[in-house]
Amino acid sequence: LSRNSTYWTLFAVDDILGTILSIAVVAVPAILAITLHEAAHGYAALNFGDPTAKEAGRLSLNPVRHIDPMGTIILPGILLLSSAPFLFGWAKPVPVNFGRLRSPRADMVWVALAGPGMNIGLAILSALLLHFVPENTGLTGAVIGTGLQYSIFINVILAVFNMIPLPPLDGGRVAVGLLPLPLARGLARTEKYGIFLLLGVLIGLTWLGSAIGVGLNFFAGFILPIVDSVVNAITFLTGVTLD
């Protein structure tokens with residue numbers, strides 16, 4: 001969203017109020033997106049025969065149950081304060097015992113897709129709800145409209161990012177479920193190192209590109225163009241225009 005938009009102009013009326021609203025319109029849809037993403041994994045696993053998430057008390061819409069101190073609070077905070085070119089983080093993964101699924105390899109794919117699928121569904125719902133936000137209704141309408149627009153972007157970013165085919169991301173689990181067994185086993189073995197490989201690509205390549213004067217920002221160069229395409233498809237299908 002452009003800082004020159006009508007919404008941000010309204011928020012600038014009062015510095016303290018503007019700061020609170022600026023945080024809220026990002027934080028609320030982000031918390032909903034993360035919480036429902038994780039809950040979707042748990043409910044999908046339960047549907048396919050694995051009650052592990054239910055037994056662990058993770059079939060919950062309480063955001064606190066899904067917060068990972070490092071991935072949800074500390075790392076995003078550090079990146080935000082350091083003016084990094086992207087924000088990165090994660091929630092506490094919902095526990096899934098793939099061995100308890102009725103058809104482990106096939107069901108793993110559906111369980112993994114449930115999270116990104118939920119995010120795309122939330123993005124579409126947010127776009128549809130924009131039709132019901134009256135224009136020129138002052139601060140309340142501006143807050144709701146801005147929050148819904150952020151909800152679209154946040155949910156699409158989560159869906160696209162999580163579909164990178166590298167365990168432990170959802171896309172990696174989908175790939176493990178679909179690839180021939182020898183390749184699937186090799187990819188599955190990278191899971192314990194996957195987060196470090198991902199951080200290396202996101203942070204290391206960006207730093208290297210800045211050092212040598214070459215654009216190597218994986219997030220901006222690869223993820224965001226896909227995000228833009230998905231957002232454009234959603235706005236076209238739902239008939240909304242974003243500021």
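I began with Ile152, which touches Ala123, Ser126, Ala127, Leu130, Val231 and Leu242, leaving out residues up to four places away in sequence. Contact here means heavy atoms within 4.5 Å. I noted that this is a predicted model, where local features need pLDDT of at least 70, side-chain atom pairs count only at pLDDT 80 or more, and totals for chains, interfaces and linings use all residues. Residues are numbered from 1 along each chain as its sequence is written, and side-chain values use heavy atoms, with hydrogens and water left out.

**Entry 1: the cores**

I looked up the largest nonpolar core next. It has 20 residues, and those touching the most other members are Ile152, Val156, Phe161, Ile164, Leu198, Ile223 and Val227. A nonpolar core is a set of buried Ala, Val, Leu, Ile, Met, Phe, Trp, Tyr and Cys residues joined through side-chain atoms within 4.5 Å. Buried means under 20% relative accessible area, exposed over 50%, and partly exposed in between (1.4 Å probe, protein chains only). Which elements give two or more residues to this core? I found helix 5 (104-129), helix 6 (138-162), helix 9 (191-212) and helix 10 (218-238). Another core lies apart from this one; it has 7 residues, among them Ala40, Ala44, Ala45 and Phe48.

**Entry 2: the whole chain**

I counted elements. The protein has 10 helices and 0 strands. Helices (H or I, at least four residues) and strands (E, at least two) are DSSP runs, numbered from the N terminus. Of the 243 residues, 40% count as buried. Among contacts with a separation of 6 or more, 69% come from residues 24 or more positions apart.

Is helix 7 enclosed or open? It is largely enclosed by the rest of the structure, because 8 of its 9 residues are buried. I listed the buried ones: Asp170, Gly171, Gly172, Arg173, Val174, Ala175, Val176 and Gly177.

Helix 7 (residues 170-178) packs with helix 8 (residues 181-188) at an angle of about 155°, and their axes are 7 Å apart. Axes are lines fitted to C-alpha atoms, for helices over the stretch in contact, and angles run from 0 to 180 degrees between N-to-C directions. The two helices are therefore roughly antiparallel to each other. The cut-offs are under 35 degrees for roughly parallel, over 145 for roughly antiparallel, 65 to 115 for roughly perpendicular, and oblique for the rest. Gly172, Ala175 and Val176 in helix 7 meet Ala184, Leu187 and Ala188 in helix 8.

The peptide bond from Pro167 to Pro168 is cis, with omega near 10°. Most peptide bonds are trans.

Glu38 is in helix 2 (residues 15-47). It counts as buried, because its relative accessibility is 10%. Its side chain reaches the backbone nitrogen of Val94 at 3.1 Å. Leaving aside neighbours within four places, Glu38 is in contact with His66, Ala91, Lys92, Pro93 and Val94. Glu38 and His66 are 28 residues apart in sequence and 7.2 Å apart in space, C-alpha to C-alpha.

Thr35 is in helix 2 too. It counts as buried, at 5% relative accessibility. A polar atom of the Thr35 side chain lies 2.8 Å from the backbone oxygen of Ile31. Beyond four places in sequence, Thr35 is in contact with Ser60, Leu61, Asn62, Pro63 and His66.

Definitions and conventions. A polar contact is a pair of N or O atoms within 3.5 Å; within protein, one must be able to donate a hydrogen and the other to accept it, and residues adjacent in sequence count only if both atoms are side-chain atoms.
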